[in-house]
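Dear colleague,

Here is the structure I said I would pass on. My notes follow below it.

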Amino acid sequence: MHPTEPDPLRIVLAEDGVLLREGLIGLLARFGHRVVAAVGDADALHAAVDTHTPDLVITDVRMPPGQTDEGLRAAVALRERRPGLPVLVLSQYVQRSYAADMLDSGDGSGVGYLLKDRIGQIDDFLTAVATVAAGGTVVDPEVVRQLLRRRRDPLERLTPREREVLALMAEGRSNAAICRELVVSEAAVSKHIGNILMKLDLPPAEETHRRVMAVLEFLRA
Amino acid sequence: MGGNGVRHALRRPEFLRTALPWRAAGYLLVTGVSGVLLCVGLLLAVVVAGVLAVVLVGLPLLAALALSGVGYARWERWLLRLPDGTRVADPHHVPDRPGLSAWVRLRYREPATWRELGFTVLAAFLLWPVDLIVVACALGVPACLLAALPMLLLDGEQVHVLKLWEVHSPAVAGALGLAAPVLLALAAYPLTVVAAGRAALARLLLSPGGQELRIGELVSSRARLVDAFEAERRRIERDLHDGAQQRLVALSMTLGLARLDAPPGSPLAAQLTAAQRQAGEALAELRELINGIHPQVLTDRGLPDACADAADRSPVPVEVRFDLPGRLPPAVESAGYFAVCEALANVARHSGATAARVEGRYADGLLTIDVSDDGSGGADPAGGTGLTGLADRVAVVDGALTVDSPAGGPTLLRVEIPCTPLSPTRSA
């Protein structure tokens with residue numbers, strides 16, 4: 001999956017570290033995206049989103065003035081104000097509660113929680129950017145890996161294979177990507193996903209994204 | 001100046017030329033006068049409060065009267081500089097929270113408050129007459145003798161000295177006048193002794209008791225150390241996060257871009273890939289290190305979320321349940337968190353357990369955290385350095401650690417830390 005020709009996105013970037021901010025602007029520009037505003041704190045982030053109505057917000061977790069999880073809280077608040085706004089949170093922490101907060105905001109679609117380490121994997125990072133902007137869900141593989149070490153309800157009912165599929169769903173992969181990764185047929189992936197949704201008690205519904213609900217369930221477990 | 005100091009000073013030949021007798025006289029004069037004022041003030045206050053008590057308004061006034069000693073004692077402690085120039089430490093503690101109610105509650109609990117009240121009553125009804133009589137005798141008698149001759153000369157006929165003798169001859173009056181300095185010099189000794197005695201009594205009742213002084217100093221210095229240590233942890237964590245971590249991420253990003261530019265499959269691309277992997281490993285190690293120093297989630301979200309996160313990293317499945325009224329002081333959260341981490345590490349390493357539980361609750365000023373597992377038991381606080389270190393860590397914030405771990409299990413480790421939750425405004 002090469003992000004050779006992505007749809008150009010208008011992005012608002014919130015990151016207080018100058019080095020990383022300038023690097024990200026350059027990186028995104030190189031692949032056709034445009035950072036319409038780069039800000040350094042939560043208030044400025046709110047203002048920038050109101051001014052520019054971007055296609056995607058990328059934000060750091062820790063930001064001034066408090067140097068606590070203000071970026072994350074700003075992201076959640078933004079999603080409350082604009083439920084459809086795609087937000088990708090970049091973090092230095094492998095923390096389930098932070099990722100769960102993000103997914104809980106809005107209807108859970110168009111959100112991502114990525115470790116900053118992932119920025120260096122340019123392909124993966126750009127894929128995550130595109131996925132979130134398109135309304136998908138992305139949870140960092142490291143967070144997923146940590147969660148997989150714990151086996152408890154309701155995931156206990158899943159087979160190891162189904163857990164693998166669910167973990168890849170959490171990482172934002174499409175069915176096609178999952179069947180490439182696991183080297184199985186697309187029909188098998190669909191069957192696994194069907195089983196997962198059934199075992200997690202997520203009946204078909206018009207109003208909710210069942211994939212997102214399944215990932216949320218996975219994060220909360 | 002202690003008793004020995006006074007005895008020594010009195011024996012020295014130049015005693016009379018020092019300021020000591022005059023300072024003693026000044027001290028007794030001021031304590032005598034303030035004693036009179038105190039006596040009048042207290043009597044008035046008691047009468048007013050007593051009368052008002054009939055309609056219940058006076059009861060708080062009577063209660064407040066119990067604290068009058070605190071104010072008067074402060075004045076007396078200040079006065080103690082007069083006889084010998086020494087300062088006396090305040091025996092009271094500083095309330096841990098601002099506001100009048102915290103101050104009043106603390107004062108009522110302190111033994112020093114009640115010693116001060118005792119001294120104040122003593123000063124108001126017993127000490128001031130003694131003070132004034134001694135000063136009057138020591139200074140007044142020589143003054144009258146000195147005045148005999150001038151008064152006789154003015155009157156011409158006779159003069160009553162001290163209302164006792166009638167003196168008619170200027171010679172006798174002159175002799176009395178000459179005797180005055182001698183008498184003054186002699187009176188300086190008992191005057192100084194009385195002042196020193198009174199000062200000693202005041203110092204005994206108004207200065208911190210040995211226990212109060214030592215424990216007070218120990219507790220406050222330990223609390224300062226814990227806070228300083230906590231602040232230092234956070235500073236290191238912040239520096240690593242804002243410095244090394246950011247630079248490594250930027251480096252990894254640069255390497256990643258370079259890799260895209262390198263010809264695919266070339267040795268350069270392979271080297272760049274290796275370099276980037278190393279940067280990634282360094283980042284992962286740094287992240288673990290920072291988390292071990294002070295996890296950000298503990299600062300951001302408090303104990304329950306931080307413990308849930310620690311449970312996430314445990315190879316043994318852990319159930320976490322907390323019921324707290326709000327955020328706790330940072331030092332308490334930190335001690336509780338690291339105790340849970342250490343306990344979970346022990347569970348994973350030694351217990352052979354298949355499941356563990358962390359349960360935290362707060363009631364009546366006490367945070368209790370239970371870490372239990374279904375393992376083989378036999379954990380001994382006296383044996384392992386891990387458990388001893390854990391107990392020390394908890395003891396620093398006045399907490400206690402108990403371990404119940406019979407051979408064959410199960411193990412229950414309990415951490416109890418007395419604390420007060422922060423007000424909701426601070427945790428928000």
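Which residues in α1(A) meet which residues in α5(A)? A:L24, A:L27 and A:L28 of α1(A) meet A:I122, A:F125 and A:L126 of α5(A), where contact means heavy atoms within 4.5 Å. The residues of this contact divide into six nonpolar, no polar and no charged.

Before the rest, some ground rules. This is a predicted model, in which local features need pLDDT of at least 70 and side-chain atom pairs count only at pLDDT 80 or more, while totals for chains, interfaces and linings use all residues. Residues are numbered from 1 along each chain as its sequence is written, and side-chain values use heavy atoms, with hydrogens and water left out.

Helix α1 (residues 18-30) and helix α5 (residues 122-133) of chain A have axes that come within 12 Å and cross at roughly 80 degrees. That makes α1(A) roughly perpendicular to α5(A) (65 to 115 degrees).

The UniProt annotation "modified residue: 4-aspartylphosphate", from an unreviewed entry, covers A:D60; such annotations may be inferred rather than shown by experiment. A:D60 is in strand β3 (residues 56-60) of chain A and is buried, at 2% relative accessibility (buried means under 20% relative accessible area, with a 1.4 Å probe and protein chains only). Leaving aside neighbours within four places in sequence, the contacts of A:D60 include A:D16, A:L90 and A:K116.

A:S105 lies in the loop between α4 (96-104) and β5 (111-115) of chain A. A:S105 is also buried, with a relative accessible area of 5%, and its side chain reaches the backbone oxygen of A:M102 at 2.6 Å.

Regards

Definitions and conventions:
Chains lettered and ligands numbered in written order. Axes fitted to C-alpha atoms, helices over the stretch in contact; angles between N-to-C directions. Helix = DSSP H or I, 4+ residues; strand = E, 2+ residues; numbered from the N terminus. Parallel < 35°, antiparallel > 145°, perpendicular 65-115°, else oblique. Nonpolar A, V, L, I, M, F, W, Y, C, P; charged D, E, K, R; others polar. Buried < 20%, exposed > 50% of the residue type's maximum accessible area, 1.4 Å probe, protein only. Polar contact = N/O pair within 3.5 Å; in protein donor to acceptor, adjacent residues only side chain to side chain.
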